[in-house]
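Visitor: Could you show me how to read helix packing and aromatic pairs in a model like this one?

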Amino acid sequence: MSQKREHPAADIADLGLQSDCGSCFGLCCVALPFAASADFAINKDAGQPCPNLQADFRCGSHAQLRQQGFSGCTVFDCFGAGQKVSQVTFSGQDWRQAPHTARQMFDVFPVMRQLHELLWYLAEALTLPPARPIHGELRRALEKTEQLTSGSAQELTELDVAAHRGDVNALLLRTSELVRAKVAGRKKDRRGADLIGANLKAANLRGANLRGAFLIAADLKGADLRAADLIGADLRDADLSGADLTDTIFLTQSQLNAAKGDTATKLPSALNRPTHW
């Protein structure tokens with residue numbers, strides 16, 4: 001790609017899209033359900049505190065989550081929604097001291113997380129030079145989404161977040177098309193494809209559409225994923241060792257955390273190399 005991509009760190013910081021667990025009331029450990037599986041050691045209903053959650057809202061097993069069968073916790077990212085709900089929507093009043101707020105707080109959290117995830121994608125889209133023709137629309141969508149995050153608890157629970165996601169996704173798809181059009185040659189379209197366990201070693205996936213693809217345990221060692229769209233792709237246990245994800249678009253930290261990789265894996269500048277690689 002001929003134009004240098006900007007770094008989205010400023011927008012991400014300004015929008016509060018980095019998780020700050022110390023400012024959250026352990027909402028991901030309470031509000032969300034999980035089922036006993038390869039990702040979680042036990043069943044837990046929505047609204048039920050995880051047994052690892054301590055009185056100070058910290059995880060009592062944080063350092064041993066993978067070893068104790070809670071790898072799903074290590075890859076989760078709320079995009080800063082937890083602290084926004086805790087400190088802004090509910091003004092720092094936690095659900096233990098004010099139990100009458102608990103149900104509404106737990107209902108608001110997943111809505112806020114979706115809005116913050118959209119803000120993350122929109123902030124990234126605004127750093128992509130090929131998307132400049134629609135930067136105005138992207139900026140307006142970002143401003144509208146940010147405004148929605150400032151609504152009251154009632155407004156957030158009543159929000160048709162699926163409809164808003166649909167509107168934003170249309171813009172993100174246009175962004176993807178503009179970015180991938182800059183890649184020469186024919187691009188692979190594997191949107192939503194079942195690629196579980198697929199042998200994609202050293203595959204040329206540059207500029208590919210991999211939106212929502214199931215890449216669980218896929219062999220992507222040495223693959224070229226530059227400018228590929230990975231929004232919503234399931235990368236659990238995918239092997240990205242030596243792969244080039246330098247300019248991959250709409251890739252999140254949680255997707256990387258769920259995958260495997262090594263020191264030779266090339267990453268987008270806004271993301272960090274997972275500690276377990």
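Predicted model: local features only at pLDDT ≥ 70, side-chain atom pairs only at ≥ 80, totals over all residues.

Visitor: How do α5 and α7 pack, and at what angle?

Guide: Two packed helices are described by the angle between their axes and the distance between the axes. Here α5 (residues 135-149) and α7 (residues 161-180) pack at about 150°, with axes 11 Å apart, and they are therefore roughly antiparallel (over 145 degrees, on a scale from 0 to 180 between N-to-C directions).

Visitor: Which residues make the contact?

Guide: With contact meaning heavy atoms within 4.5 Å, the residues include Leu 138 and Ala 141 of α5 and Val 168 and Leu 171 of α7.

Visitor: How many aromatic pairs are found in the whole structure?

Guide: Rings of Phe, Tyr and Trp (its six-membered ring) pair if their centres lie within 6.5 Å; planes under 30 degrees apart count as stacked, over 60 as edge-to-face and the rest as tilted. The search finds seven pairs; in one of them, Phe 25 and Phe 57 have centres 5.4 Å apart and planes at 50°, so this pair is tilted. In another, Tyr 121 and Phe 250 have centres 5.7 Å apart and planes at 80°, so that pair is edge-to-face.

Visitor: Is Phe 250 buried or exposed?

Guide: Phe 250 is buried (under 20% relative accessible area, with exposed over 50% and partly exposed in between, for a 1.4 Å probe and protein chains only), at 0% relative accessibility.

Conventions. Residues numbered from 1 in each chain as written. Heavy atoms only, no water. Helix = DSSP H or I, 4+ residues; strand = E, 2+ residues; numbered from the N terminus. Parallel < 35°, antiparallel > 145°, perpendicular 65-115°, else oblique.
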